[in-house]
Amino acid sequence: MVKKEMIAMLLAGGQGSRLGVLTSKVAKPAVAFGGKYRIIDFPLSNCINSGVDTVGVLTQYQPLRLNSHIGIGIPWDLDRNIGGVSVLPPYEKSENSEWYTGTANAIYQNLEYMESFNPEYILILSGDHIYKMDYEVMLDFHKANNADVTIAVMPVPMEEASRFGIMIADENKRITDFEEKPAHPRSNLASMGIYIFNWKTLKEAFLALKDQPNLDFGKHVIPYCHENDKPLYAYEFNGYWKDVGTLSSYWEANMELIDIVPEFNLYEEYWKIYTKSEIQPPQFFSKESKIERSIIGEGSEIYGEVYNSVIGCGVTIGAGTVVKDSIIMNQTTIGDNCELNKAIIAEETKIGNNVKLGVGEEAENDTAPHIYNHGLVTVGEKSFIPDGICVGKNSVVFGETTAADYEDGILASGKTLIKAGDE
Amino acid sequence: MRAIGIVLAGGSNHRMDVLSQKRAVCAMPIAGSYRSIDFTLSNMSNSHIQKVAVLTQYNAGSLNEHLNSSKWWDFGRKQGGLYVLTPAVTADNSNWYRGTADAIYQNLSFLKKSHEPYVVIANGDCVYKMDFNKILEYHIDKKADITVVCADLPKGTSPERYGTIRMNEECRIEEFEEKPLKAKSNTVSCGIYVIRRRQLIEMIEKSAAEDRYDFVRDILIRYKDVKRIYGYKTKDYWRNIAEVNDYFSTNMDFLKKDVRDYFFRTYPDIYSKVDDLPPAKYNPGADVSNSLVSSGCIVNGTVEDSVVFKTSYIGNNCVIKNSIILNDVYIADNTTIENCIVESHSTIKAGSVFKGDDGIKIVVERNERYSI
């Protein structure tokens, strides 16, 4: 009989709407990060590096890119005879067919998948954080404490604690209480959304709560376990962990990679991060090119100047173009004599010649100021910007635009120009 | 595809100088992130050849490591796959491969057990893109017994280390000279042959019975007037790298846009083993021009007209000019390197100067490495 001590369930169904047009066409875990990676590469690599070789990936929102990225799991060595990676979308049942309505509901709907591996422990992960973590160490902590549930927590500055789910633990790290986004936090241990459950406890909780609408771990499952006196423990994690849920935090996390010795170091020999690499050739720099403080992916061709930027694979940057403080994702082409400042340009975009992005005075975005801020220019995937266009700050362009879409060839700061996608 | 593939990857080569002390020529790193054998294997895979044998003998450590999985070239198949065949001591054989024909003879069961009617034989030390289906069609069209792919060497290149060919107007090979002292033609054999499987088995068995072991000398040249041996001239990019200067210039060819576009940005692709390396990183002080840099590198200094392979580190104030830096080289601060090939895993002390004043200099430095 198949027996896996611990299997992982990775929640990858969310849209991540605070990433704006970046997630119009792809789920947040499939968004590119750090030149050649996608966000989901980090939890998947953590799994295989921790010896967890059975991973169910729960997908729902725009799963195409995610599906083709994961495939049968070859890049992460998760193509296994027994276990390996399985993509788990919502499915029709003889009665009560529904989408995944909450984090715990998604897991509940795949009870049979988990049961088939006869596990002792279930590791719950989310696909939207950048970090390296050994889940085996967390499991050892879980076992040593005879815990039913272990929640990974990380100390945050007290003044920021009210933005998180906060765990209050005693000196033995046993959780005595918790509060969601408290106005006056009693502790600075923020939940990272990473849980280890005893399979028996989780199943029992699911059966008791199965009729709860929008079943959620933080709101329902954890409180249920606590109310029933199950031992809950907080596993403190002190490494690098970054939520890349907003455009500004996404941009910052990318920029941290280009520090001389980055806090999150991709160059360590052990604990490699794996990804699907379709493009293998080296990168080319022309005679006139200039480059400083940047990382660049495979097969890119640089004819212009690149400073403080993260460039993906297969990108072309034309002669005379100056790219500063920007993120350019895979297979994008930038023409000649352009100027890019604090731009985030998604995959397979084409930008013409003499285009200026991120110029002029800052102005608040007119449609979604909570998404498009910090002076960033965001361009969605497969977009086109014609020659000679000028785009201001806190602005968005998405879709194949023509010169007629820009008044006098200008998109002022804070303006939104969306010609594609659902939004 | 109606053919199986055989890659002859066993040879040693003194023309590669110290570079072949470490590895077979087929495992030489090429163009920043590939190895020489990737080109032949990718061509076979892209031509839908599903079953490929790689015959190795000389110094195959690096090569075997590179071939650790067949999935990189899409050979991880239930039908067919990638077979690495090394000489083995058996009840009736205790010899190494005594030549290319002998290597095939010692693995004759691979040929006998296959059912595909044709065999494509190729070497693993050339840089090229080729659709073998076209050559097979040509072979059938000409009713040839053996088809030899050949190419005209560019002017100024000496054909002395190649097999030179002269064909008649129907492309039948009339003269074939192996490594001639004075070449009569600048058309050379690319080391790529198409032959019917049963024909090959018959010829190889006959040669073995006569104690003849070399495919070129004892089959191609010996049978050229008896069998229908045709040449197929390719006009596409083709380079053999089994000589230091040719190795250097082939790598430098990838600094040309047309060569890069042909190999890297034109379908089908060349595949290689995936190394899971992070993107290359350029710190303040980096100044890179007309160069190729591979993933995993960290650059702090100046790189001009050079090819830098994977996971190399270039320190502050270094100047690298017109050179090839192979995999995992650590170059400490204030070093100058000009006209050199730096062997992989070298560690170069701070302040060193290496210059190839009269030709390409090969640098092999084994110092203690402290950082990284």
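The following legends describe close-up views of a predicted model.

**View 1. Overall dimensions and secondary structure of chain B.** Chain B contains 9 helices and 28 strands. Its C-alpha trace extends over about 65 × 45 × 40 Å along the principal axes. The radius of gyration of chain B is 21 Å, which agrees with the value near 21 Å that a compact globule of 372 residues would have.

**View 2. Burial, contacts and surface of chain B.** Of the 372 residues in chain B, 59% are buried. Where contacting residues of chain B are at least 6 apart in sequence, 59% of the contacts join residues at least 24 apart. The accessible surface of this chain amounts to about 15,500 Å², and carbon and sulfur atoms account for 45% of that area. Chain B carries 49 positive and 47 negative side chains; the centres of these two sets are 4 Å apart.

**View 3. The open parallel sheet of chain A.** In chain A, 7 strands are arranged in the order 15-18-21-24-27-30-32, forming an open sheet with parallel pairing. Strand 15 (290-292) and strand 32 (410-411) of chain A stand at the edges; each has a single partner strand, so one side of each is left without a neighbour in the sheet. Strands of a sheet pair through backbone hydrogen bonds, in either a parallel or an antiparallel manner.

**View 4. Pairing of strands 18 and 21 in chain A.** Strand 18 (residues 305-307) and strand 21 (residues 322-324) of chain A run parallel and are joined by 3 bridges. Within strand 21 of chain A, Lys324(A) is the bridge partner of Tyr307(A).

**View 5. A cis peptide bond in chain B.** The peptide bond between Tyr267(B) and Pro268(B) is cis, with omega at about -5 degrees. Pro268(B) belongs to the loop that lies between helix 9 (257-264) and strand 14 (280-282) of chain B.

**View 6. Positive phi at Gln62(A).** Gln62(A) is a residue other than glycine, yet its phi is positive, near 35 degrees. The residue is located in the loop between strand 4 (54-58) and helix 2 (64-70) of chain A. With a relative accessible area of 26%, Gln62(A) is partly exposed, since this value falls between the limits of 20% and 50%.

**View 7. Positive phi at Asn337(A).** Although Asn337(A) is not a glycine, it has a positive phi of about 55 degrees. Asn337(A) is placed in the loop between strand 23 (333-334) and strand 24 (339-341) of chain A. Its relative accessible area is 44%, and Asn337(A) is therefore partly exposed.

Terms used. Residues numbered from 1 in each chain as written. Chains lettered and ligands numbered in written order. Predicted model: local features only at pLDDT ≥ 70, side-chain atom pairs only at ≥ 80, totals over all residues. Heavy atoms only, no water. Helix = DSSP H or I, 4+ residues; strand = E, 2+ residues; numbered from the N terminus. Rg over C-alpha atoms; globule rule 2.2 N^0.38 Å. Buried < 20%, exposed > 50% of the residue type's maximum accessible area, 1.4 Å probe, protein only. Contact = heavy atoms within 4.5 Å. Areas by Shrake-Rupley, 256 points an atom, 1.4 Å probe, with all protein chains shown as cover. Lys, Arg positive; Asp, Glu negative; His and termini not counted. Charge placed at Lys NZ, Arg CZ, Asp CG, Glu CD. Pairing = 2+ DSSP bridges.
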